[in-house]
Amino acid sequence: MNLTGMQIFKYLPGAKKSEGTNCKQCGCPTCMAYALKLAKKQAQIQQCPYIPQELKEKFNEASKIQQHEIKLSETLLTGGENVMYRHDKTFVNPTVIAISLDSSDKNFDEKLEQISNYEIERIGEKFKVDAIYLTGNNIGEAAEKIKSKNIAVISHDANDTSYVIIKGKNIDAIEEAAAKAIAEGKKDIVLELEYHQPLKKIVQELTLIRRAAIIKRHEPLTYPVMVKIPENINVYGITAAASVLLCRYANIIVLPFFDAALLSSIFTLRQNIYTNPQKPLQVEAKVYEFNEPDKNAPILLTTNFALTYFAVAGELESLPFGSYLVVTPSDGMSVLTAWSADKFTAELVARSVKNFGLLEKVNTRKIIIPGLLSHMRDELQEAMPDWEIVTGTIEACQIPEFLKQE
Ligand code: SF4
């Protein structure tokens with residue numbers, strides 16, 4: 001764990017009122033200011049001549065790498081995590097999703113084409129297969145073809161990778177093999193935990209490996225971990241296994257074959273887990289137009305929480321007529337959260353409608369608010385006396401039916 005400013009401060013003269021208290025030799029006005037800077041890595045431990053040995057040792061421990069970040073290609077990184085749980089801060093590099101492909105397969109080109117053509121878009125982000133785990137007798141030529149599609153190659157046999165893959169049947173075997181590789185001077189390592197145990201046991205071992213890295217900083221286990229899911233499981237079992245491994249704690253998951261539905265589920269889950277909790281996904285606050293709306297088209301209202309926006313936008317796009325969607329600047333919060341945090345007030349809605357130039361686009365003065373905010377109707381009516389405020393649906397999927405009845 002990194003030390004906080006308060007944890008550092010208690011070792012300094014300022015906390016003990018001993019010699020040196022607030023002496024400014026470190027360049028900071030007080031010991032507390034220095035402690036805060038040190039915690040943020042904006043100062044060096046050598047700047048204070050009164051640092052006790054115990055704090056120096058704690059700093060040495062804290063400066064050890066928790067999990068190495070390994071470059072799988074020019075653009076694909078794995079590992080580099082420094083917390084056990086996303087809510088502690090955030091996760092860094094999304095789990096790499098790779099597909100196993102045999103370079104000797106007579107349908108290699110066709111399969112590669114299928115994999116490279118796969119793409120889904122969700123909440124404004126596009127997802128493609130990150131890497132191919134390559135096996136077989138034709139690695140060199142196959143690797144070139146894969147790279148030409150901007151897909152990374154992972155292989156035990158490729159000569160041009162900058163990292164080595166260390167395999168083991170369990171955590172003990174991996175630890176021993178990794179310690180040996182480190183002693184031989186290997187720096188960039190990917191650990192492969194083989195799928196030879198029940199899934200529950202694999203997840204337990206992945207958790208132990210991640211704890212050993214993040215909390216104990218135990219060098220042989222501070223590398224990203226790959227798990228290959230075997231193909232003798234049906235696609236539902238593979239989906240379940242990949243989902244669990246994504247949550248706990250595989251850095252690279254190799255799927256045994258291409259399956260578009262499986263990938264869609266996994267990418268959706270991955271997006272949820274790797275969204276930075278401190279930065280909610282949000283879209284631009286403005287008036288969005290769907291299907292070339294005319295001046296009498298219906299007008300709906302929501303916040304700029306990306307998930308809400310894309311759910312509503314998907315429904316409005318599917319309608320056979322045009323519509324407007326007013327999206328308020330609500331710090332990327334969902335409607336109820338925004339309302340409870342004062343980020344979706346009647347004044348804000350009235351200001352948004354006015355400032356976004358909606359009045360010039362439409363003749364109608366009727367606006368549909370989210371069903372979850374029906375309690376705001378009177379308040380909104382007061383703030384927008386020229387408008388008819390209509391309570392809409394709770395779920396986005398109910399919008400088409402609702403608009404047909406309006
Ligand atoms: Fe405090 Fe050390 Fe800075 Fe002096 S040099 S103010 S003792 S932190």
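Two strands pair if DSSP finds at least two bridges between them. Strands (E, at least two residues) and helices (H or I, at least four) are DSSP runs, numbered from the N terminus. In this predicted model, strand E3 (residues 96-102) and E11 pair in the parallel sense over four bridges.

This is a predicted model, so local features need pLDDT of at least 70 and side-chain atom pairs count only at pLDDT 80 or more, while totals for chains, interfaces and linings use all residues. Residues are numbered from 1 along each chain as its sequence is written, and side-chain values use heavy atoms, with hydrogens and water left out.

**Strand E11 and its partners**
- Val96 has Ile252 in E11 as its bridge partner.
- E10 and E11 run parallel and are joined by three bridges.
- Val227 stands opposite Ile253 in E11.
- Ile252 and Val254 point one way from E11, while Ile253 and Leu255 point the other way.
- All four of these residues are buried, meaning under 20% relative accessible area; exposed means over 50%, and partly exposed lies in between (1.4 Å probe, protein chains only).

**Aromatic pairs**
- The structure holds six aromatic pairs.
- Rings of Phe, Tyr and Trp (its six-membered ring) pair if their centres lie within 6.5 Å; planes under 30 degrees apart count as stacked, over 60 as edge-to-face and the rest as tilted.
- Tyr118 and Phe258 form an edge-to-face pair, because their ring planes stand at 75°, with centres 5.8 Å apart.
- Tyr118 lies in the loop between helix H5 (108-117) and strand E4 (120-122), and Phe258 in the loop between strand E11 (252-255) and helix H10 (260-274), 140 residues apart.
- Tyr118 is buried at 7% relative accessibility, whereas Phe258 is partly exposed at 21%.
- Phe127 and Phe267 are stacked, because their planes are at 10°, with centres 5.5 Å apart.
- Phe127 sits in strand E5 (residues 125-127) and Phe267 in helix H10, so this pair ties together parts 140 residues apart in sequence.
- Phe127 is buried at 6%, and Phe267 is buried at 0%.
- Ring pairs link Tyr118, Phe127, Phe258 and Phe267 into a cluster.

**A buried charge**
- Arg217 lies in the loop between helix H8 (199-214) and strand E10 (225-228).
- Arg217 is buried yet has no salt bridge (a side-chain nitrogen of Lys or Arg within 4 Å of a carboxyl oxygen of Asp or Glu).
- The nearest side chain of opposite charge, Glu61, is 5.4 Å from Arg217; Lys and Arg count as positive and Asp and Glu as negative, with His and the chain ends not counted.
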